[in-house]
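User: I'm new to this one and would like a guided walk through it. Could you take me through it step by step?

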Amino acid sequence: MIIDKIKNGNSILDSIGQTPLIQLNKIFSESKLNFYGKLEAANPSGSLKDRTSAFILKKAFEEGEIKIGDTIIESSSGNMALGLAQACLYYKLKLIVVVDPTLNKHTEKLLKTYGAHIEYVLEPLEEGGFLSARLNKVKQLLKSVPNSFWTNQYGNYNNPLAHHKAIEEIMIALDGNVDYIFVSTSTCGTLMGYADYISENNLSTKLIAVDAKGSVLFGGDSKKRLIPGHGSSVQSQFLQQERIYDYLTVSDLDCVEGCWSLLKSEGILCGGSTGGVVTAIRKYKEKLDDSSNCVFLLCDRGERYLDTIYNPDWLQSNFQTYKSIDNSVIGW
């Protein structure tokens, strides 16, 4: 009997990456396209931001920017905070995360369990909203907290570098036959990390960015959004739009519909940004050539959204048109 070798590691952080690539046969069953989901939710703290947080801290140690006992400071809507919380606990670093009221309660409980100190920003700035307010708080903390270091997921180029390995895993799994990758945007670290890899390896793969309505990343005014984890109220320091094949935007309701559709069709419970990408693909797929191989990221675990996206009471209170959604898809 042949037993496949199990991936081993010296720490929990060694289990980051090598996430499964799952062929999704049901969600777009009427299509002649081939769809694959990269299960980034399988990373140990539950999202693709595990790659970002662990890689940035590793590089900071190597470059002498931090040492054991120092304090890491970061602004986050949730997933980066959790990735850092796990990594900081392992590395014996303190962590302060700056969040705003969109942080869900499940994530808050997880952060406290990991031992992170949470700083809430309760009022948005007129320009840049809650994100700008969080970044201002980070700068204040850096001045007042001794031996502190900002991982700066918004401007640290180790953010996009952290995702070269993920797209390499995708390419290896599909023997390089990847026509389109749909990527949800926020800091744009994942998106531009993929763009770098595609350019450096002279690949024909096309990147399609999926942004939130009310985000400023591709133009337009910042507007209130209910679903955290994608979009931005300030411009990205990484985004080079000319390197992206196309982009489209999705609403909060699009995210909800996509999440429920993925759950009901494939049995996969994911978060809001993944739902947004699912709906974006549904809108965009008629533009794609038949038999194309399309990949998107299953970004994080849906358990963090049980009080919101997967809660009919929350949906009813936030979406007046919820009754018009196909009950067979949403499960109401």
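Analyst: Let me begin with a term: a salt bridge is a side-chain nitrogen of Lys or Arg within 4 Å of a carboxyl oxygen of Asp or Glu. This is a predicted model, in which local features need pLDDT of at least 70 and side-chain atom pairs count only at pLDDT 80 or more, while totals for chains, interfaces and linings use all residues. Residues are numbered from 1 along each chain as its sequence is written, and side-chain values use heavy atoms, with hydrogens and water left out.

User: OK, how many salt bridges does a search of the whole structure find?

Analyst: The search finds 14 salt bridges. One of them joins the side chains of Arg51 and Glu40, with N to O at 2.6 Å. Arg51 lies in helix α1 (residues 49-62) and Glu40 in the loop between β2 and α1, so the pair ties together parts that are 11 residues apart in sequence. Helices (H or I, at least four residues) and strands (E, at least two) are DSSP runs, numbered from the N terminus.

User: Is Glu40 buried or exposed?

Analyst: Glu40 is buried, at a relative accessible area of 1%, and Arg51 also counts as buried, at 5%. Here buried means under 20% relative accessible area, exposed means over 50%, and partly exposed is in between, using a 1.4 Å probe and protein chains only.

User: And which residues are joined with Arg51 and Glu40 into one network?

Analyst: Let me start with a pair in helix α6 (residues 164-173). Lys165 forms a salt bridge with Glu169, the closest N and O atoms being 3.4 Å apart; both residues lie in α6, four residues apart, which is about one turn of the helix. Lys165 is partly exposed at 36% relative accessibility, whereas Glu169 is buried at 8%. Salt bridges that share partners join Lys165 and Glu169 with Lys38, Glu40 and Arg51 into one network.

User: Lys38 is new to me. What stands opposite it?

Analyst: Leu21 stands opposite Lys38, which is in β2. Strand β1 (residues 21-23) and β2 run antiparallel and are joined by three bridges, and two strands count as paired if DSSP finds at least two bridges between them. Lys38 also has a bridge partner in β10, namely Leu297.

User: So how do β2 and β10 pair?

Analyst: β2 and strand β10 (residues 293-297) pair in the parallel sense over five bridges, and within that pairing Tyr36 has Val295 as its bridge partner in β10. Strand β2 (residues 34-38) is mostly covered, with four of its five residues buried.

User: What is the order of the strands in that sheet?

Analyst: The order is β1-β2-β10-β7-β8-β9, an open sheet of six strands with mixed pairing. Its edge strands are β1 and β9 (246-250), each of which pairs on one side only. The twist averages 25° from one strand to the next, where axes are lines fitted to C-alpha atoms, for helices over the stretch in contact, and angles run from 0 to 180 degrees between N-to-C directions.

User: Which strands does α6 touch?

Analyst: Helix α6 packs on the sheet and touches β1, β2, β7 (180-184) and β10, with its direction at about 140° to that of β2; contact means heavy atoms within 4.5 Å. Helix α7 (residues 189-200) lies across β7, β8 (206-212) and β10, running at about 170° to β8.

User: Last one: what does Arg134 form a salt bridge with?

Analyst: Its partner is Asp100, the closest N and O atoms of the two being 2.6 Å apart. Arg134 lies in helix α4 (residues 129-144) and Asp100 in the loop between β4 (94-99) and α3 (105-114), so the pair ties together parts that are 34 residues apart in sequence. Arg134 is buried at 6% relative accessibility, and Asp100 is buried at 4%.
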